[in-house]
Amino acid sequence: MSTDKRSKLLHVCEPNAERSSFSNTTIAVHVTGPEAAVFYAHEKLLTSSSLVLVRSCRELGSASSNRRIFFENLDPRSFNLYLNWLYTSAITLSSADSTGEQRYEDHWPLLINLYVLSIRLEDLDFADAVTDAMVSYFAHTKRSDWGLQLPISNWKHFLYDNTPPKAKVRRLLVQMYAHVRDPVLLDERDPAEFLAETSQAMMKGAAEDPLMSAATCCFHEHGNSRSCYRDRL
Ligand SMILES: [Zn+2]
């Protein structure tokens with residue numbers, strides 16, 4: 001049996017792993033906006049990672065009735081993916097249509113929406129997981145038949161408008177472009193800080209492949225005082 005298969009087999013039964021309890025209360029999360037939706041999730045999972053959701057659920061108190069919380073102007077597709085991540089620890093980007101056929105899809109708008117959602121929910125682990133998903137998507141499209149995909153100018157602005165200047169995800173964006181090192185991919189409408197940093201990085205030569213750099217957590221926000229979410233998978 002190969003080492004890979006053996007480690008997967010050992011993963012099936014981890015004697016010391018914590019199990020989830022599905023007997024506790026569910027909370028209804030109402031998201032409003034152009035596409036309003038209601039999601040139901042177990043309180044224990046809902047409050048396992050996001051500081052905002054911890055506070056929202058605490059404010060509900062212990063009364064069993066009316067366990068509802070509300071979020072204004074939240075993208076339901078992004079929130080549904082967030083719940084999927086809470087339940088499965090995976091960020092699922094599907095490229096299959098309703099017939100199951102694989103097709104090309106630009107996932108950058110969704111990935112950037114997910115990152116901004118992580119900030120709104122104050123969920124550091126989710127932010128780091130989304131950053132990893134960005135690296136993975138970049139690496140995947142780089143070697144795909146569709147060709148390399150990078151976010152268009154509008155989405156770069158959305159990311160820069162909703163992240164602090166020191167956000168590691170901005171470093172990732174710069175390094176992706178500096179790694180490819182093709183000035184044609186830059187757009188004069190891109191955010192000024194992004195253009196300045198990327199042009200400077202490009203002048204130094206081709207940057208390291210972000211996939212290699214990501215292994216060292218250099219695009220993660222957890223720092224030294226907190227463990228990496230990958231170590232808890
Ligand atoms: Zn990390």
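Okay, a quick definition before anything else: when I talk about a helix axis, I mean a line fitted to the C-alpha atoms over the stretch in contact, and the angles run from 0 to 180 degrees between N-to-C directions. Keep in mind that this is a predicted model.

So, the first pair. Helix H4, residues 76-88, and helix H5, residues 108-120, have axes that come within 10 Å and cross at roughly 70°. That makes H4 roughly perpendicular to H5, since 65 to 115 degrees counts as roughly perpendicular. Who's touching whom? On the H4 side you've got Ser78, Leu81 and Tyr82, and they meet Leu110, Asn113, Leu114 and Leu117 in H5. By residue type, that contact of H4 with H5 splits into five nonpolar, two polar and no charged.

Let me zoom out for a second. The chain has ten helices and three strands. Reading from the N terminus, the order goes α-β-β-α-α-β-α-α-α-α-α-α-α. There are 233 residues, and 26% of them are buried. If you take contacts between residues at least 6 apart in sequence, 64% of those join residues at least 24 apart.

Back to H5, with another partner. H5 also packs against helix H7, residues 153-161, at an angle of about 5°, with the axes 10 Å apart. That makes H5 roughly parallel to H7. From H5, the contact uses Trp108, Pro109, Ile112 and Tyr115, and from H7 it uses Trp155, Phe158 and Leu159. The breakdown for H5 with H7 is seven nonpolar, no polar and no charged.

Now, which residues touch the most other members of the largest nonpolar core? They're Leu111, Tyr115 and Val130, in a core of 40 residues. The elements that give two or more residues to this core are strand S1 (26-31), H4, H5, helix H6 (124-142) and helix H8 (168-180). H6 gives the most, with eight residues. And this core takes at least three residues from each of domain 1 (25-74) and domain 2 (89-233).

Next, a loop residue. Proline 151 sits in the loop between H6 and H7. Is proline 151 buried or exposed? Proline 151 counts as buried, because it has 21 C-beta neighbours inside 10 Å, and the cut-off is 20 or more. Outside four places in sequence, proline 151 is in contact with Trp108, Ile112 and Lys156. Also, proline 151 and histidine 107 are 44 residues apart in sequence, but C-alpha to C-alpha they're 8.7 Å apart in space.

Glutamate 122, in the loop between H5 and H6, has phi near 50°, a positive value in a residue other than glycine. Arginine 181 is not a glycine either, and has a positive phi of about 55°. You'll find arginine 181 in the loop between H8 and helix H9 (192-203). How exposed are they? Glutamate 122 is partly exposed, with 15 other C-beta atoms within 10 Å. Arginine 181 counts as partly exposed too, with 15 C-beta neighbours inside 10 Å.

That's my tour; happy to take questions.

Definitions and conventions: Residues numbered from 1 in each chain as written. Predicted model: local features only at pLDDT ≥ 70, side-chain atom pairs only at ≥ 80, totals over all residues. Helix = DSSP H or I, 4+ residues; strand = E, 2+ residues; numbered from the N terminus. Buried ≥ 20, exposed ≤ 12 C-beta atoms within 10 Å, placed from the backbone. Contact = placed C-beta atoms within 7 Å. Parallel < 35°, antiparallel > 145°, perpendicular 65-115°, else oblique. Nonpolar A, V, L, I, M, F, W, Y, C, P; charged D, E, K, R; others polar. Core = buried A, V, L, I, M, F, W, Y, C linked by C-beta atoms within 7 Å. Domains from an automatic or database assignment.
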